[in-house]
Amino acid sequence: MPSLNELVRRHTTLTGADVEWLHLLVSEWQLLSDLSFADLVLWIPTWDGIRYVSVAQMRPNTGPTSYQDDMVGHLVPRGRRPLLDAAYDEGRIVREGDPEWREEVPVRVESIPVRREGKVLGVIARNTNLLTVRTPSRLELTYLQSASDLAQMIAAGSFPFPGAEQADMDAAPRVGDGLIRLDIEGVVTYASPNALSAYHRLGLTTDLVGSHLGQTTAELVPPSRAAVHEALVKMASGWAPRQTEVEAQGGVVTLRTIPLKPKGTPTGSLVLCRDVTELRRRDRELMTKDATIREIHHRVKNNLQTVAALLRLQSRRMDSDAGRAALDEAVRRVGSIAIVHETLSQGLDEAVAFDEIADRVLAMVMELSQDGRVATRRSGSFGILSAEVATPLAMILTEILQNALEHAFGPTAAGNLEVSALRGRAPAGGKGWSDSWSGGARPEEYLLITVQDDGRGMPEGFDPQQAGNLGLQIVRTLATGELGGTFDMVNAPGGGTKVVLEIPVK
């Protein structure tokens, strides 16, 4: 289905400011559809003025639809729908005419001009399914009167509200959540059952009708929040378009006020309200859970750093050079895991930007080369990785880098060491950097990591898949076993050693 922007660009000559106004209208017109119990279709005249194109459509949540099919993108010539012509040409709401019959369903059609700064941009066709029409209740009459007021504001160009702070439509209350109608003084003339239930959740023990909503709302707020009383009085009185949350007696209610000014004269306002108590309770539980997880990662990091400190103390008291070297390796392995947990403790998700971790691991291992004889650099980006991937990958990098410093350059030789990362998706057909995966079928997205030095290279007959030293055993186990990837080590062209890792990522 083509978008509003595509249809307007293809068929009309509207300016960018006009299109923004239409987007603002479409973001708000679910309110008009629900209050009208009617489908809405936005028609815009084409550039040649001989047709209309439908650029947007909305179905009501409060009643049956009158359009089973999508109307967006349809073109109709002028003259076929006289109500559209009259509304566009005369700039007024047109309700004349008999109901139309669509698939044995009677439909009442009304046309509402869409005006911006005195210019009619298009027409909203309001289509009401009359098959289920019955004697309206007080709630339905309030809905229809409010819809009529909004329609007149659209025709006058005063709705949606230009320059007003836009509500978050995903979180904003809808008509069915609860509706309150206020008069010009902010006194409640009607409150739907859902709206009354929402206020009862805040601690109200009386009826809302006849009370001043702003003062009533402010009185429900605990005295500790008295500073917000005046703002609540103004907001809940409906003097300006606003959205806020009110919390009292353990309940939380979202309020959205919509001033009504049909024909430019203020007549009162609508207040939509939604009980979001359970949603906020779950939000707080999630925040508490996130805080707990971060605290756990922080404590794990502290414990690992304590272990590393103890190992470092033990190393200093070792008489054996081999024992001291083994303990120093253990310190770096523990430190690489601690870096991951420290990063996780600072975020909200169980995922980390691994570039920072790779840089810190590289700096930690480079402490072996105190004199700076080995120059290091990192290129490419690892991207965001889950904790399940980041922890073993940090250990793998530590072992590979440590191995390069110890065996590629020797105690005095200088050289260069580069870590590169490339993340991508497997091309069509499943072919890519490598076609053999220990985990079975190739993943959709994977990470290619290369660690290359210009040192002495691998000794004759060295088999990286069978070598028995502890560091390479750790790399093989983590890369192929835990991460389900591949690991290889080859002599680099021009001298040195090249280690290649391919790891699937989610």
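A salt bridge here is a side-chain nitrogen of Lys or Arg within 4 Å of a carboxyl oxygen of Asp or Glu. One such link sits between the side chains of Arg-378 and Asp-355, at 3.5 Å from N to O. Arg-378 belongs to strand β13 (residues 374–380) and Asp-355 to helix α11 (residues 354–365), so the pair ties together parts that are 23 residues apart in sequence. Helices (H or I, at least four residues) and strands (E, at least two) are DSSP runs, numbered from the N terminus.

Before going further, a word on the model. It is a predicted one: local features need pLDDT of at least 70, side-chain atom pairs count only at pLDDT 80 or more, and totals for chains, interfaces and linings use all residues. Residues are numbered from 1 along each chain as its sequence is written, and side-chain values use heavy atoms, with hydrogens and water left out.

The structure holds 21 salt bridges. Here are some of them, with their N to O distances.

| Pair | Distance |
|---|---|
| Arg-201 and Glu-278 | 3.4 Å |
| Glu-278 and Arg-281 | 2.8 Å |
| Arg-378 and Asp-355 | 3.5 Å |

Glu-278 turns up in a salt bridge with Arg-201 and in another with Arg-281. Arg-201 lies in helix α6 (residues 193–201) and Glu-278 in helix α9 (residues 277–316), so their pair ties together parts that are 77 residues apart in sequence. Glu-278 and Arg-281, by contrast, are three residues apart in helix α9, about one helical turn.

How open are these side chains? Buried means under 20% relative accessible area, exposed over 50%, and partly exposed in between (1.4 Å probe, protein chains only). Arg-201 is partly exposed at 34%, Glu-278 is partly exposed at 35%, and Arg-281 is partly exposed at 36%. Elsewhere, salt bridges that share partners join Asp-18, Arg-116, Glu-117 and Lys-119 into one network.

Helix α1 (residues 4–11) has Leu-4, Leu-7, Val-8 and His-11 as its buried residues. They cover an arc of only 95° around the axis, which puts them on the same side of α1; the arc is that of the directions from the helix axis to the C-beta atoms. The face turned away from that buried side carries the exposed Arg-9 and Arg-10. Among the elements covering the buried residues of α1 are α2 (16–28), β1 (39–45), β2 (51–58) and β3 (75–77).

Helix α13 (residues 470–482) has buried residues of its own, including Leu-472, Ile-474, Val-475 and Arg-476. Just after α13, Gly-484 takes a positive phi of about 65°.

**Rings and a buried arginine**

A search of the whole structure finds four aromatic pairs. Rings of Phe, Tyr and Trp (its six-membered ring) pair if their centres lie within 6.5 Å; planes under 30 degrees apart count as stacked, over 60 as edge-to-face and the rest as tilted. Phe-37 and Tyr-143 are stacked, 5.6 Å centre to centre with 25° between the planes. Both of these residues are buried.

Arg-126 lies in strand β6 (residues 119–129) and, at 5% relative accessibility, counts as buried. Its side chain makes a polar contact with that of Ser-36 at 2.9 Å. A polar contact is a pair of N or O atoms within 3.5 Å; within protein, one must be able to donate a hydrogen and the other to accept it, and residues adjacent in sequence count only if both atoms are side-chain atoms. Leaving aside neighbours within four places in sequence, Arg-126 is in contact (heavy atoms within 4.5 Å) with residues including Leu-32, Asp-39, Arg-95, Glu-110 and Ala-147.
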